[in-house]
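Me: Here is a model I would like to learn to read. Could you take me through its features in turn?

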Amino acid sequence: MSRVLVTGGSGQLGQSLAFLSQTHPQPGVSWTFLDRKDLDLSLTASLASQLEGLLSQAPQSPLGAYTHLIHAAAFTGVDAAETQENLAFTVNEKATELIAKACAAHGICLVYLSTDFVFSGPRNTPWRLSDPIAPQGVYARSKAAGEAAVAAHCPTHYTVRTSWLYSPFGHNFVKTMLRLAKAHAEVKVVSDQIGSPTSALDLAVALRTLLFQAQLPFGRHHFSNRGATSWAGFAREIFNQQRLKTQVQEIDTASFGAPAPRPTYSVLENSLPFHQRDWKAALSEVLEHINKQK
Ligand SMILES: NC(=O)c1ccc[n+]([C@@H]2O[C@H](COP(=O)([O-])OP(=O)(O)OC[C@H]3O[C@@H](n4cnc5c(N)ncnc54)[C@H](OP(=O)(O)O)[C@@H]3O)[C@@H](O)[C@H]2O)c1
């Protein structure tokens with residue numbers, strides 16, 4: 001019997017994992033999702049004892065002890081982090097460290113989600129696991145610090161870097177483009193950042209395979225959908241698949257003027273040898289879900 005605890009239950013990945021566990025339940029695997037009201041990761045003074053309570057009480061419940069923890073919660077506001085550095089590091093580094101220590105103490109396999117933003121600098125071939133990181137900006141540095149905390153404190157961990165996540169759930173680029181297309185005939189989108197849009201639904205399937213089928217060694221991995229594009233190319237494909245006439249005006253990063261720096265090229269070389277479908281096919285599935293929600 002396996003029991004998985006997921007932080008960030010209200011986020012894109014959390015909701016994608018919940019959707020998957022309901023639509024494709026696995027015999028012998030139960031899932032528990034926590035959101036901010038269950039466990040506020042900014043309250044680090046009480047977090048260690050809260051985690052200890054949660055994990056030590058679990059074996060007395062009919063579902064039994066937790067065997068895996070997917071840490072999907074994070075301070076994900078890339079631009080907001082520039083002015084909320086303390087909070088970003090508290091949630092992404094300190095709380096992650098406490099979670100890693102608690103998992104190690106209870107023999108739990110921890111999955112930490114990290115980001116393509118740990119890379120920066122000139123590049124035109126996918127980033128490999130062995131490439132040195134160079135995070136720019138508060139969000140990227142805080143996530144990199146989370147990676148280090150997990151590696152230092154929980155030997156039984158997978159750190160999975162992913163990129164440009166979107167899903168039928170929560171806030172994301174796809175939903176923003178669809179909203180903008182309702183009100184504007186043309187949208188300005190950045191064309192000088194290249195990455196791999198990744199469906200959180202596909203990431204959820206990949207994580208489940210990683211935990212319950214793949215038997216890969218612990219450590220770092222990269223997972224994203226196959227192929228690469230710019231944000232402008234991504235927007236064009238969204239409009240194309242939705243048969244919208246909205247035009248994309250390409251602009252550069254400097255003209256867009258976002259507060260946080262972003263990598264110009266952040267395509268990841270996949271290290272998880274499964275569910276690597278093309279980003280356009282993954283997009284079409286997510287758009288189908290979004291269209292059904294209307
Ligand atoms: N989105 C991307 O493009 C992307 C790319 C690469 C890697 N990642 C990483 O992938 C993981 C999942 O991303 P996502 O897109 O699913 O994120 P998301 O949709 O932004 O969700 C973040 C989750 O974290 C929770 N959270 C934030 N602050 C919290 C706090 N103080 N206490 C408790 N919970 C808190 C949020 O709760 P509320 O709903 O209450 O705010 C939400 O459930 C994250 O680790 C992220 O860094 C994301």
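Me: What should I know before I start?

Reply: Residues are numbered from 1 along each chain as its sequence is written. This is a predicted model, so local features need pLDDT of at least 70, side-chain atom pairs count only at pLDDT 80 or more, and totals for chains, interfaces and linings use all residues.

Me: How many helices and strands does the protein have?

Reply: Helices (H or I, at least four residues) and strands (E, at least two) are DSSP runs, numbered from the N terminus. Here there are nine helices and twelve strands.

Me: Why is the protein called as compact as a globular protein of its length?

Reply: The radius of gyration is taken over C-alpha atoms, and the globule rule is 2.2 Å times the number of residues to the power 0.38. The protein has a radius of gyration of 19 Å, close to the 19 Å from the rule for 294 residues, so it is as compact as a globular protein of that length. Its C-alpha trace spans about 60 × 35 × 35 Å along the principal axes.

Me: What share of the residues is buried?

Reply: Count other C-beta atoms, placed from the backbone, within 10 Å of a residue's own: 20 or more is buried, 12 or fewer exposed, and in between partly exposed. Buried residues are 44% of the 294.

Me: Which residues touch the most other members of the largest nonpolar core?

Reply: A nonpolar core is a set of buried Ala, Val, Leu, Ile, Met, Phe, Trp, Tyr and Cys residues joined through C-beta atoms within 7 Å. The largest has 75 residues, and Ile99, Leu110 and Leu207 touch the most other members. For contacts, the C-beta atoms of two residues, placed from the backbone, lie within 7 Å. Beyond its neighbours within four places in sequence, Leu207 contacts Ile70, Val111 and Val160.

Me: Which residues come nearest to the ligand?

Reply: A residue is near a molecule if its C-beta atom, placed from the backbone, lies within 6 Å of it. Of 28 residues around the ligand, Gly8, Gly11, Gln12, Ala73 and Ala74 come nearest. Helix H1 (12-23) and strand E4 (109-115) each supply at least two shell residues. H1 gives the largest share, three residues.

Me: What about positive phi?

Reply: Glutamine 215 has phi near 50°, a positive value in a residue other than glycine. Glutamine 215 sits in the loop between helix H6 (200-214) and strand E10 (219-222). Glutamine 215 counts as exposed because it has 7 C-beta neighbours inside 10 Å.

Me: Where does arginine 243 lie?

Reply: Arginine 243 is in the loop between helix H7 (231-241) and strand E12 (247-251). Its phi is positive, about 55°, although it is not a glycine. Arginine 243 has 6 C-beta neighbours inside 10 Å, so it counts as exposed.
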